[in-house]
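Here is a friendly walk through a few features of this model. Please have the sequence and the 3D view open as you read.

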Amino acid sequence: RHASRDEHVQSKTYDYIVVGGGITGLVVANRLTEDGRSTVLVIERGYFDDSPRAIVPYWANFLDTSVMMNPRSAPVANLNNATFSVPVAAVVGGGSVVNGMAYMRGSKADYDAWEELGNPGWGWNGLLPYFRKSTTFIPPSPEAAEQWNMTWDSSVYDHGPLRITIPDFHYPDLAILREGWKHEDGVTVGRDIGAGAGPGLYWALETIDARDNTRATARKEYYDPVNSTRPNLHLLTGQTVDEILFQDLCATGVRMISRKDNRTSEVYARKEVILAAGAVQTPQLLQVSGIGPKDVLNAAGIKVKKDMPAVGANYQDHATIHTSYNLSHQSFPNPDTIATNETYNATVWEEYWANGTGPIAAGSGSTAVLFSLSQLVPFAGPIAEKLLAQKPDHYLPSVYSFPPLLRGFEAQRKILAKQYSSNGSTVASGAVVGNGFASTPFLKPASRGTITVNPTNPRGLPIVQYNTLMNPVDGDIILAMVKRTRTFWAKPELAVVGPVEVTPGVQYQTDDEIMFALTTKGFLVPGLAHPSCTCAMMPEALGGCVGPDLRVYGFENLSIVDASILPMIPGAPLQATMYAVAEKAADLIQMRA
Ligand SMILES: Cc1cc2nc3c(=O)[nH]c(=O)nc-3n(C[C@H](O)[C@H](O)[C@H](O)COP(=O)(O)OP(=O)(O)OC[C@H]3O[C@@H](n4cnc5c(N)ncnc54)[C@H](O)[C@@H]3O)c2cc1C
């Protein structure tokens, strides 16, 4: 694999500077250099990772913290003041190198909500061409497809760089779990999770390149294939951008610090500085550069360029319940066998190296089950009404005293209430990992967190306030999710695997008891590594930071393309969305060139 080029960049000028070589940064850099007319410098804090952990699909079951930053969150008041690690990638390829490889698009309603919030062209119809442009679906083998009755819809994929597939290998008990979900009230079997249809039971796709049975990352699919043939594409590794440079209100370049020797250097952009540093780092970078809430900047001794309270507000993630069951009668092999049986372990690794098949060629997520709120509770309408009846500023962080942010939240709240009442919108995910341990993410939170610079060390790790369960409506839905998981495992179809509840534990039965267990024993965590929405694409009058053209309000030549621009988190893990967002971003940026 290729290394980076251009170690000596001090004072050089490029057409575009892209801050962050993760998913969105590498997609945008690839597209902007395609016609050979523009020069692009990508600046990435991390390095290339060629270790097996970054390549072999099986390792996606484990967190590789060696190529991540893990800021500790601020104490979460409603989770017993516990603090949590915030997983953020720091490697060429960003999240695509360390993530769980689940490739899931949100439902049509998720993206139509973005359009409704003042972003023409960002609804499902506007994004579908980019979902297609970014992906090539490689079908499973005909044998696996027949054995498992797998379905897909080729029309929602095309011939894009990112290879995705449904792996051939699944543990035998998955069939029992899928059968259980099929017989669950209201759960319909969907043809393809990528078609935006919303709630249902699906085969989950994974970012695995079935041509060579390795992880499909932004680096492998968008950077490596073009690196050696595009002299106009430059990637610098091991450099942390710590300030955006301006001439008046026009971004002219960035300053960066080398991780090797702490030397600082500056580089300049003729056309645009494009922020792709992710939803945790982009608001921090704007704030250290003087763009953010005035009080936060003043407290950190940063000169205010623009008082912009929306930078770092609106923070969303998928709070996740850790329910787990001991399965007394699992088949052989099962997801635990690799770790518990040496012979099996040796055999499957041999199989992978010889043929690229078997459990090492797959991740853990082969099935997804998604619920609308009405499939979870008989009282979806009242929950929506409860949300709408709240005094708007009642359950929000203090920065929402800024009227545009509050108005924006009110607009989001109306949409959330509509989504809670609609059968076409996903609100929660169900458990489908074959060994009884299942993380079930809550997909449509009403609580809002914040990301701000640390006043005592603004260039260090930012302060991440999750504010989980700040809005009590979130608690109502999370409770319903636990109950749904319990009714699932109690189904007669599942008796054959002998499920015994471990967490939260059968001793917790009433609502108060369940909530107590979730919030004090670590069974509810504030996120699933899906930080987003911290520089939202919405009108400025609604607390937005960028418009539908992705330019930061009030500045010239400064755009954002990463997960911070999502106005509301979609009901799915984020990478599929981010590949499509970045493809669309590249088109928008090129159109104004
Ligand atoms: C552990 C983990 C598991 C996940 N699992 C899944 C999953 O299974 N499915 C799914 O769909 N999504 C998953 N995600 C989420 C998904 O990977 C992210 O949403 C996606 O990568 C976001 O893309 P991005 O371009 O916004 O940011 P990233 O891909 O994170 O890229 C940001 C890049 O910017 C760099 N950077 C940051 N600050 C600076 C700076 N100041 N200077 C220079 N460089 C900088 C970072 O090092 C990073 O490489 C997971 C994420 C993580 C961390």
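## A parallel strand pair

Strand E1 (residues 13-19) runs parallel to strand E2, and 4 bridges join them. Two strands pair if DSSP finds at least two bridges between them; strands (E, at least two residues) and helices (H or I, at least four) are DSSP runs numbered from the N terminus. Val18 has Val42 as its bridge partner in E2.

E2 (residues 40-43) is covered on both faces, with Val40 and Val42 buried on one side and Leu41 and Ile43 buried on the other. Buried means that 20 or more other C-beta atoms, placed from the backbone, lie within 10 Å of the residue's own.

## About the model

This is a predicted model, where local features need pLDDT of at least 70 and side-chain atom pairs count only at pLDDT 80 or more, while totals for chains, interfaces and linings use all residues. Residues are numbered from 1 along each chain as its sequence is written.

## Around the ligand

The ligand is surrounded by 40 residues, and the closest are Gly20, Gly22, Gly94, Gly95 and Gly100. A residue counts as near if its C-beta atom, placed from the backbone, lies within 6 Å of the molecule. Elements giving two or more residues to this shell include helix H1 (23-32), strand E13 (239-247) and H17.

## Two crossing helices

The axes of helix H4 (residues 124-134) and helix H17 (residues 575-591) come within 8 Å and cross at roughly 105°. H4 is therefore roughly perpendicular to H17, a label for angles of 65 to 115 degrees. Axes are lines fitted to C-alpha atoms, for helices over the stretch in contact, and angles run from 0 to 180 degrees between N-to-C directions.

Key. Parallel < 35°, antiparallel > 145°, perpendicular 65-115°, else oblique. Buried ≥ 20, exposed ≤ 12 C-beta atoms within 10 Å, placed from the backbone.
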